[in-house]
Amino acid sequence: MFPTAVADELTTLLDDGAIDTLPEFHLNYEDHFRPYIEEIIGPVEKELIEGHAETCLSCREDLRDIVSFHRELKQESELKDLARGSMIANLSAWLFTSSRRLLLVAFAASLVVSIGSVLLYLINSRVETTVQNIGDEVQPENPAAGPPIVTPPTEHSRASELTIPKNDEEPEVAKLTLPSVLRELRVESVGTLRGNDDSIAQKITVIAPNGLVIRSSSPVLRWRRVANEQSYDVAIFDANDNRIAKADSIKANSWRVPVLAKGRVYRWQVSANVESSENKAIRYIGQGKFYIVSDVDEKQINKAKSPLLKGRAYAEAGLLREAASEFRKYLAQNPDSANAIRLLKQVEEAQR
């Protein structure tokens, strides 16, 4: 699902007509291009991306290159499939020449005879065993009691021998175990700058990442511009509020973070000082929070093969949007899957 914060931001910029005045705002692969290529966004988000690409040369070239790259990958895959089909056809032509056809027929006949011999042996063994069991149940000879009485197998014993329990229902899978870190990620209110006084600043709208689990170790932080700003200061803090990276006097409204350690929560904040018409300094601040997927979770994601297993791996790593996409993909192929329906519902509830 297209990130709500990004969609709201792009919609606001488009409605205000301010998108043309923000040349520094660019689309990125994780939040925009990949959902666009994989077609996991709605028509409104798709139109927003295409509309921005029409007005931004850089984003238009990036989108064109990515679409071209994915098209080449698809063509390469199709060529491989054609080559594989050609190989099978050549093998079939080689096998079914007149001379080799006779050899195959002889081999098949020999195989049928062998299988028939094994089945006949098994049937005879079973008949002998059954006759022996019946003979064991013959009562001892007693002239006064008349001819011996044979007790046949009961109806219950026949059913247990011939009927195999059949269960066509889908085995129920365990409920998802979502990471607890999801409950502590989003930062809603304006805070105070670290190391300064405790006065409350006016808010800078944070675009991304905020309240998200991400896979990139070097994410791009984005925020909305404030009027009349000169520059921005950005800082990154760990879970113990220790500052681990900063950038001062940034002119753009985005900053790529240096490589961070995986499997940890990070808080970031952006600030700007603006001089008002009364020559008074007004301080602005925005804050965000995110978690980078651990190496262990990455291995589980890469290990999963089917959409159902990959969706579970995504969800248990905290990547809810990706998990929902995989579950929907599985449901498209298996619409009656109770497991996929239940897991998708759990993910959608966690996204609210």
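Which residues does Leu 176 touch, not counting residues up to four places away in sequence? In this predicted model, in which local features need pLDDT of at least 70, side-chain atom pairs count only at pLDDT 80 or more, and totals for chains, interfaces and linings use all residues, Leu 176 touches Arg 312, Ala 315, Glu 316, Phe 327, Leu 343, Gln 346 and Val 347, a contact being heavy atoms within 4.5 Å. Residues are numbered from 1 along each chain as its sequence is written, and side-chain values use heavy atoms, with hydrogens and water left out.

Leu 176 lies in the loop between α6 (155-162) and β1 (202-203), where helices (H or I, at least four residues) and strands (E, at least two) are DSSP runs numbered from the N terminus. At 6% relative accessibility Leu 176 counts as buried, a term that stands for under 20% relative accessible area, with exposed meaning over 50% and partly exposed in between (1.4 Å probe, protein chains only). Although Leu 176 and Leu 343 are 167 residues apart along the chain, their C-alpha atoms are separated by 6.9 Å.

Strands β2, β4 and β7 form an open sheet in the order β2-β4-β7, with antiparallel pairing; two strands pair if DSSP finds at least two bridges between them. Because β2 (206-208) and β7 (254-256) stand at the edges with a single partner strand each, one side of each is left without a neighbour in the sheet. Between β2 and strand β4 (residues 220-223) there are 2 bridges, and Val 206 is placed opposite Trp 223 in β4.

Strand β5 (residues 232-237) is largely enclosed by the rest of the structure, because 5 of its 6 residues are buried. β5 is joined by 5 bridges to strand β6 (residues 243-250), which runs antiparallel to it, and Ile 236 stands opposite Ala 245 in β6. The hairpin of β5 and β6 has 5 residues between the strands, and there Asp 241 takes a positive phi near 65 degrees. β5 also pairs in the antiparallel sense with strand β8 (residues 265-275) over 5 bridges, and Ala 235 has Gln 269 in β8 as its bridge partner.

In helix α2 (residues 29-37), the buried residues include Asp 31, His 32, Phe 33, Arg 34, Pro 35 and Tyr 36. At the start of α2, a side-chain oxygen of Asn 28 reaches to within 2.8 Å of the backbone nitrogen of Asp 31, whereas Glu 39, which follows α2, has a positive phi near 55 degrees.

Key
Polar contact = N/O pair within 3.5 Å; in protein donor to acceptor, adjacent residues only side chain to side chain.
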